[in-house]
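This briefing covers nonpolar packing and strand pairing. Please read it alongside the sequence and model shown here.

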Amino acid sequence: MIEARMTSADSGFITRPLEAPGFSGYLAQGGHRRRDPLAPPVERESRVAVPMREIVCYECGKTCSIPAAALSAACPNCFAHLNTDNITLKPGTHRLHVRTLGNVKIPAGVELSGLDIVCHHLHGAGRVAGNIRATGTITLVGHATVGGNLIADELIVQRGAKAEVQPGISVEHADVHGALSGRVYARDSVHIYPGGKLNGPCCTPYLQVDSGGRHIGIREIPDSSS
Ligand SMILES: [Zn+2]
């Protein structure tokens with residue numbers, strides 16, 4: 001606080017040195033300032049905790065944390081620019097090369113070839129060709145058709161779907177509620193639900209076919225050494 005006081009002794013202004021006695025919390029002592037033990041505690045600037053989320057960098061494959069609300073981020077490990085957009089591929093789009101930590105949607109009616117997608121979740125209803133790698137779940141609905149290599153953590157074929165993956169898909173786990181044609185390689189398990197149908201080779205250590213579900217094709221057990 002700066003105070004300027006008119007004194008009665010003279011007509012001029014006397015500017016007092018910059019100080020805030022009593023509530024500054026500090027005492028001037030020998031040219032140093034020391035905390036006044038009787039002063040009320042100084043409230044520290046409260047820091048807002050930024051919600052973070054864990055991501056897997058699609059360039060280097062390392063797990064790192066970025067602010068949850070960030071629209072883009074730099075990988076702390078490889079410094080790659082990471083896009084977090086959720087992307088819906090429109091019919092006739094030229095955006096075939098997609099790299100995002102967000103999700104990609106391929107609506108029904110979209111027909112694209114030459115796709116190269118790396119994303120978190122993928123929701124597919126259109127007919128596309130290319131390579132797709134999802135760190136989360138690939139959900140196939142309707143008459144989704146994908147020609148190319150599909151890699152994901154999880155595959156869900158929704159009820160009522162008549163989906164096709166050629167040559168096939170590689171996942172940890174697959175849930176088949178609708179119909180799927182193609183080869184399924186699942187490192188963990190495949191579950192074919194009532195009404196579900198898998199038409200194609202199924203390579204997994206654990207295959208569960210519910211009553212009302214069908215698997216038509218060769219059942220393979222993955223080589224445990226690989
Ligand atoms: Zn990275």
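This is a predicted model: local features need pLDDT of at least 70, side-chain atom pairs count only at pLDDT 80 or more; totals for chains, interfaces and linings use all residues.

Residues are numbered from 1 along each chain as its sequence is written, and side-chain values use heavy atoms, with hydrogens and water left out.

**Nonpolar cores**

- The largest nonpolar core has 36 residues, of which Ile117 and Ile138 touch the most other members. A nonpolar core is a set of buried Ala, Val, Leu, Ile, Met, Phe, Trp, Tyr and Cys residues joined through side-chain atoms within 4.5 Å; buried means under 20% relative accessible area (1.4 Å probe, protein chains only).
- Elements giving two or more residues to this core include β12 (111–119), β15 (137–140), β17 (154–157) and β18 (162–176); strands are DSSP runs of E, at least two residues, numbered from the N terminus.
- With six residues, β18 gives the most to this core.
- Contacts of Ile117 (heavy atoms within 4.5 Å), not counting residues up to four places away in sequence, include Leu89, Val104, Leu122 and Ile132.
- A second, separate core of 11 residues includes Ile55, Cys57, Ala73 and Val118.

**Strand β17 and its partners**

- Leu155 and Val157 form the covered face of β17, and Glu154 and Ile156 the uncovered one.
- β15 and β17 run parallel and are joined by four bridges; strands pair if DSSP finds at least two bridges between them.
- Leu155 in β17 stands opposite Ile138.
- β17 and β18 also run parallel, joined by four bridges.
- His173 in β18 stands opposite Glu154.

Technical notes:
Buried means under 20% relative accessible area, exposed over 50%, partly exposed in between (1.4 Å probe, protein chains only).
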